[in-house]
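Please look over this model with me.

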Amino acid sequence: MPHPSTPFRFVVSDLLRRAGERRTEQLAAPVAWQLELSRLVPEEPLAAELTLEGASGGVFAAGTIAATVEHTCHRCTTAWTEQIEVKFGEMISSAGDADYPLAGDVADLEAPIRDTVLLALPLVPTCRPDCRGLCGRCGADLNTGACPGHDEESTSPFAGLRELLEP
């Protein structure tokens with residue numbers, strides 16, 4: 001059963017009493033987690049269907065997490081939104097050195113779910129594999145065509161090397 005203070009916290013005293021005891025929980029929560037170029041859309045709640053199972057020394061939480069993510073291409077700054085679905089499995093332990101410890105008889109799943117979702121996002125999102133990015137001189141989107149006027153300029157100190165690359 002969810003804890004009243006946050007949708008990520010679950011009272012698990014019943015599961016701690018008997019190893020192997022299971023129950024299914026639904027979770028829906030707006031979140032504003034983000035990386036530099038990707039963010040979860042807070043207007044569309046993160047949703048999870050989780051199975052909580054009593055285990056020796058804690059509770060094992062597993063399931064599927066779904067969220068809407070907005071990315072910005074690191075090459076051309078095009079923004080797009082996509083649905084992601086991530087598999088989740090983590091031990092919430094009563095051990096003192098646990099990565100995700102129990103707080104008495106409450107399992108707080110926010111940190112492990114956040115870590116799982118953010119690790120599933122690309123560090124450098126790209127709108128498509130052949131994205132050409134933006135022109136370094138004028139900022140034009142090179143995916144829509146070449147930049148007029150400065151393709152042939154020879155003011156670059158590397159302009160002489162162009163002859164070596166062209167047949």
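1. Start with E85. This residue counts as exposed because its relative accessibility is 62%. E85 sits in strand β6. Its contacts include T64, I65 and A66, leaving out residues up to four places away in sequence. A contact means heavy atoms within 4.5 Å. E25 is 60 residues from E85 in sequence, and the two C-alpha atoms are 17 Å apart in space.

2. A word on the source. This is a predicted model, where local features need pLDDT of at least 70, side-chain atom pairs count only at pLDDT 80 or more, and totals for chains, interfaces and linings use all residues. Residues are numbered from 1 along each chain as its sequence is written, and side-chain values use heavy atoms, with hydrogens and water left out.

3. Now the layout. The chain has three helices and seven strands. Helices (H or I, at least four residues) and strands (E, at least two) are DSSP runs, numbered from the N terminus. In sequence order the pattern is β-α-β-β-β-β-β-β-α-α. The chain is more spread out than a compact globule, because its radius of gyration is 24 Å, well over the 15 Å that the globule rule gives for 167 residues. That radius is taken over C-alpha atoms, and the rule is 2.2 Å times the number of residues to the power 0.38. The C-alpha trace spans about 75 × 30 × 25 Å along its principal axes.

4. What is the size of the largest nonpolar core, in residues? It has 30. Such a core is a set of buried Ala, Val, Leu, Ile, Met, Phe, Trp, Tyr and Cys residues joined through side-chain atoms within 4.5 Å. W33, L40, L46 and I113 have the most contacts inside it. At least two residues of this core come from each of β2 (22-29), β4 (46-55), β5 (58-72), β6 (79-93) and α2 (110-120). The largest share is from β5, with five residues. In soluble globular proteins, nonpolar side chains tend to be buried together.

5. Look next at α2. Its buried residues are P112, I113, T116, V117 and L118. They pack against β2, β3 (38-40), β4, β5, β6 and β7 (106-108). I113 touches F8, L27, W33, L46, L50, I65 and F88, again leaving out residues up to four places away in sequence.

6. Two loop residues deserve a check. T77 lies in the loop between β5 and β6. Its phi is near 65°, a positive value in a residue other than glycine. T77 counts as exposed, at 52% relative accessibility. G145 is in the loop between α2 and α3 (162-165). G145 is partly exposed, with a relative accessible area of 29%. From G145 to R132 is 13 residues in sequence and 9.7 Å in space, C-alpha to C-alpha.

7. Last, the totals. Of the 167 residues, 33% count as buried. Among contacts with a separation of 6 or more, 54% come from residues 24 or more positions apart. On charge, there are 13 positive and 25 negative side chains, and the centres of the two sets lie 2 Å apart. Lys and Arg count as positive, Asp and Glu as negative; His and the chain ends are not counted. Each charge is placed at NZ of Lys, CZ of Arg, CG of Asp or CD of Glu.

How values were computed:
Buried means under 20% relative accessible area, exposed over 50%, partly exposed in between (1.4 Å probe, protein chains only).
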